Amino acid sequence: MVRTNRSAAITMFSSFLYAYGTDFDKDGKSLINTPEARAACDMYSSLLRDAGPDKLSDDMWWPEAMELFTSGKAAFYVEADSLYKNATNPEKSQIADTVSFAPFPEGPGGYHATNVPPWTLGINVSSPHRDAAWKFIRWVTGKEMSLKLQQEGNPCARKSVWDNPSAAANDPADLAAESKGSAEGGVGYDRPLVVDVGKARNIVGQPIVDGLAGKDVNKSVDVAHEAYQKFLDSES
């Protein structure tokens with residue numbers, strides 16, 4: 001099981017793309033039409049189409065995909081480890097006592113799964129309280145608070161916290177080992193590195209939706225590649 005919405009899917013699709021040895025783009029040039037990207041797209045959509053639950057929606061974000069998994073309708077689920085408690089909480093999950101965790105598989109291009117693309121905090125330039133906001137950001141992302149948050153199941157990006165034996169003491173042992181190990185060879189972003197990332201996600205995610213519907217993935221990739229290159233040119 002994995003997300004199917006063309007925008008939301010990109011967060012998970014990125015690991016497939018990197019594992020096949022390519023990226024969304026490089027030096028302003030789209031890589032969506034490379035043989036590696038085509039193979040990654042075909043793998044993603046065919047896993048859903050051929051091995052996923054029946055009658056899958058093509059508009060699932062993580063809550064809908066998680067519900068299928070936790071209701072026992074999917075044997076495997078690729079997802080962000082920050083959401084693991086949805087699967088292990090017996091009040092939310094029918095399979096809480098049987099869930100285990102493993103790293104994203106190595107692909108033809110090696111092991112290059114997405115690793116720690118964090119949700120971030122920012123300060124509006126027009127804010128009248130920028131100094132106070134900066135103090136808050138320093139506090140909430142500091143070592144002490146990061147450790148506390150991680151102990152409550154919210155993984156952080158600080159290596160010093162991960163090196164603390166107590167940081168993942170409350171996590172499932174296999175999840176803790178997988179999360180720490182994924183830093184080696186991991187890629188620190190899970191979407192195109194552009195300004196209008198929402199538009200980019202919709203463009204490169206369309207072939208996944210088309211593949212799920214059984215359409216010609218290669219034709220869809222060609223269309224997406226052309227549109228994505230025009231998009232990249234407009235941002236340069």
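This is a predicted model: local features need pLDDT of at least 70, side-chain atom pairs count only at pLDDT 80 or more; totals for chains, interfaces and linings use all residues.
In soluble globular proteins, nonpolar side chains tend to be buried together. In the present model, the largest nonpolar core contains 45 residues, and the members that touch the most other members are Met-1, Phe-13, Phe-24, Tyr-44 and Tyr-228. At least two residues of this core are supplied by each of helix H1 (9-19), helix H2 (35-51), helix H3 (62-70), helix H9 (197-212) and helix H10 (217-235), and H1 provides the largest share, with eight residues. When neighbours within four places in sequence are left aside, Tyr-228 is in contact with Phe-24, Asp-25, Ser-30, Ile-32, Pro-192, Val-194, Ala-200, Ile-203 and Val-204.

Met-66, which is found in helix H3, has a relative accessible area of 6% and is therefore buried, the limit for this class being under 20%. Residues up to four places away in sequence not being counted, Met-66 touches Tyr-77, Glu-79, Leu-83, Asn-86 and Ala-87. The C-alpha atoms of Met-66 and Val-2 are 8.4 Å apart in space, although 64 residues separate the two in sequence.

Six salt bridges were found in a search of the whole structure. Glu-79, one of the residues touched by Met-66, forms a salt bridge with Arg-3, in which the closest N and O atoms are 2.5 Å apart. Because Glu-79 lies in the loop between H3 and H4 whereas Arg-3 lies in the segment before H1, this pair ties together parts that are 76 residues apart in sequence. Both Glu-79 and Arg-3 are buried. A further salt bridge joins the side chains of Asp-222 and Arg-38, with an N to O distance of 2.5 Å; this pair links distant parts of the chain, since Asp-222 is in helix H10 and Arg-38 is in helix H2, 184 residues apart. Asp-222 counts as partly exposed, at 39% relative accessibility. The side chains of Asp-50 and Arg-49 also meet in a salt bridge, at 3.4 Å from N to O; here Asp-50 is exposed, with a relative accessible area of 58%, while Arg-49 counts as partly exposed at 34%.

A disulfide is a covalent bond between the sulfur atoms of two cysteines. A search of the whole structure finds zero disulfides. Cys-41 is buried, with a relative accessible area of 3%, and Cys-156 likewise counts as buried, at 12%.

Leu-121 is located in the loop between helix H4 (85-88) and helix H5 (130-140).

Methods:
Residues are numbered from 1 along each chain as its sequence is written. Side-chain values use heavy atoms; hydrogens and water are left out. A disulfide is a pair of cysteine sulfur atoms within 2.5 Å. Buried means under 20% relative accessible area, exposed over 50%, partly exposed in between (1.4 Å probe, protein chains only). Helices (H or I, at least four residues) and strands (E, at least two) are DSSP runs, numbered from the N terminus. A nonpolar core is a set of buried Ala, Val, Leu, Ile, Met, Phe, Trp, Tyr and Cys residues joined through side-chain atoms within 4.5 Å. Contact means heavy atoms within 4.5 Å. A salt bridge is a side-chain nitrogen of Lys or Arg within 4 Å of a carboxyl oxygen of Asp or Glu.
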